[in-house]
Amino acid sequence: MRNFGGKVARSLTKSERPIRSFLWPFETPLLRRRPWLLALAILSACGVVAVVWLAAIDPRATVKKTGAPASFSDLAADPIPDEKNAAAALDSALPLLEKQSVRVADLLGELGGAPLDPSQLEEARALLAKEAAALEAVLGASRRADYATLLTADEMADMQRVLDSASYARPAMRLLSLASRTRLAEGEVQAAVDTTIAALRLYNLFAREPFLIGRLLANAMQRSAVGNAAVLAASGKLSHAQAEQLTKAVLPLADRSSMADALRSERVMALYQLSTWPLPTRVWERGPLLRRFEEAIDLAEQPLDEVVAAIQKPPAATRGMLGRLTDPALKSFFEAEIQTATQAEAVIEKLRDADPGG
């Protein structure tokens with residue numbers, strides 16, 4: 001016991017000292033006047049710990065457990081010899097395709113679905129003569145046995161590089177389209193059929209490019225080739241064998257069962273973009289983004305008529321910010337797939353009607 005100015009204070013026992021040491025910071029005048037500050041400090045500390053803990057949970061690990069691609073490394077294609085890779089052939093043809101005359105696109109735009117008139121045929125012949133080396137390179141690519149993207153895992157993180165990797169697609173599409181239309185106008189029906197079939201095969205190979213941008217471009221290319229098949233069907237010049245050849249080539253386009261795989265690839269890009277956002281936003285957005293892609297993938301595995309009905313409905317209002325930003329691209333993707341399948345089915349019917357032996 002000690003005496004302080006007439007007041008007797010009891011000395012702390014050995015067992016009481018740790019408790020006193022723990023309580024001392026909370027006995028400050030400020031906390032005695034505002035005890036809620038202590039509660040706020042504790043809650044803030046818990047919040048920081050929770051955010052850090054949640055951030056440590058990598059959503060890619062969750063995706064990986066399902067067997068789906070979760071990183072750019074998963075999407076990078078296993079190397080195949082260039083002589084078998086259509087992508088390598090198209091990439092080699094890029095210097096030729098980049099020099100393509102803008103008149104090729106203009107002339108195709110003027111034609112629409114109509115046959116070439118004599119002056120257009122003369123111009124088309126001149127254009128194809130000028131582009132002969134590029135055309136042969138593209139036809140050569142269509143004969144390659146396989147297709148593997150040339151993008152490396154590191155390059156996939158660079159959106160400009162992803163866009164540049166497909167820069168040969170549209171000029172190749174225009175060249176094949178003009179060649180098919182010209183051969184038909186010249187009366188070389190089998191050559192027109194062969195060129196259209198080559199285009200269909202090449203575009204189906206190109207659809208293996210990762211990410212939605214590649215898939216959307218593949219859809220545009222496929223519809224271009226289907227349009228050429230429709231022109232051939234309407235020409236009245238197809239033999240039974242030629243109609244069968246075209247039908248066999250167009251038929252795979254009516255099957256869009258690979259839609260889900262395309263979305264799984266796009267989810268990898270979305271998760272990468274999410275990883276570049278600030279920490280609290282990543283934690284907040286992760287769940288809604290994964291659910292959005294799960295819903296889209298589930299939808300892509302349904303029959304096409306169910307997909308048509310589903311995309312007419314407005315998306316749920318509970319999406320996260322990144323999910324809402326992704327919605328327009330997903331809708332465009334589904335619309336493009338439906339349009340390609342619908343056009344393919346319509347052309348198959350036209351080919352059957354045009355088949356003189358059918």
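User: Which residue forms a salt bridge with Glu349, and how far apart are the closest N and O atoms?

Analyst: As a general idea, side chains of opposite charge can pair when their charged atoms come close. In this structure, which is a predicted model, the partner of Glu349 is Arg352, with the closest N and O atoms 3.2 Å apart.

User: Why are Glu349 and Arg352 separated by about one helical turn?

Analyst: Both residues belong to helix H18, and because they are 3 residues apart there, about one helical turn lies between them. Glu349 has a relative accessible area of 42% and is therefore partly exposed. Arg352, at 47%, is partly exposed as well.

User: How many salt bridges does the count come to?

Analyst: The count comes to 15 salt bridges. One of them joins Glu295 to Arg292, the closest N and O atoms being 3.7 Å apart. These two residues are 3 residues apart in helix H16 (residues 279–300), so about one helical turn separates them. Glu295 is partly exposed at 38% relative accessible area, whereas Arg292, at 12% relative accessibility, counts as buried.

User: Which residue forms a salt bridge with Glu155?

Analyst: Glu155 pairs with Arg161, and their closest N and O atoms are 3.3 Å apart. Glu155 has 25% relative accessibility and counts as partly exposed; Arg161 has 27% and also counts as partly exposed. Salt bridges may also be linked: Arg103, Glu110 and Glu123 form such a network.

User: With which residues is Leu178 in contact, leaving aside its neighbours within four places in sequence?

Analyst: Once those neighbours are left aside, the contacts of Leu178 are Val104, Leu107, Leu108, Ala124, Leu127 and Leu128.

User: What share of the contacts between residues at least 6 apart in sequence joins residues at least 24 apart?

Analyst: In this protein the share is 79%. A separate reading compares sequence separation with distance in space: Glu335 and Val307 are 28 residues apart in sequence, and their C-alpha atoms are 9.2 Å apart. Glu335 is placed in helix H18 (residues 321–354), and with a relative accessible area of 37% the residue is partly exposed.

User: How many helices and strands make up the secondary structure, and how does one check the span of a helix?

Analyst: The secondary structure comes to 18 helices and 2 strands. H15 is mostly covered, with 13 of its 17 residues buried.

User: What does the check give for H13?

Analyst: H13 has 25 residues and reaches 37 Å from its first C-alpha to its last, close to the 36 Å expected. Because 19 of these 25 residues are buried, the helix is largely enclosed by the rest of the structure.

User: Where does a positive phi occur in a residue other than glycine?

Analyst: Phe211 has such a value, with phi near 80°. Phe211 lies in helix H13 and, at 3% relative accessibility, counts as buried. H13 is followed by Gly236, whose phi is also positive, near 75°.

User: Finally, which residues form a nonpolar patch on the surface?

Analyst: The patch consists of Met159, Leu163 and Ile213, which together have about 230 Å² of accessible area. Ile213 is found in helix H13 (residues 211–235) and counts as partly exposed, at 38% relative accessibility. For the protein, the accessible surface comes to about 19200 Å², and carbon and sulfur atoms account for 58% of it.

Note on methods
Residues numbered from 1 in each chain as written. Predicted model: local features only at pLDDT ≥ 70, side-chain atom pairs only at ≥ 80, totals over all residues. Heavy atoms only, no water. Contact = heavy atoms within 4.5 Å. Patch = residues over 30% accessible without salt bridge, like charges linked within 9 Å, V, L, I, M, F, W, Y side chains within 5 Å. Areas by Shrake-Rupley, 256 points an atom, 1.4 Å probe, with all protein chains shown as cover. Salt bridge = Lys/Arg side-chain N within 4 Å of Asp/Glu carboxyl O. Helix = DSSP H or I, 4+ residues; strand = E, 2+ residues; numbered from the N terminus. Buried < 20%, exposed > 50% of the residue type's maximum accessible area, 1.4 Å probe, protein only. Expected span 1.5 Å × (residues − 1).
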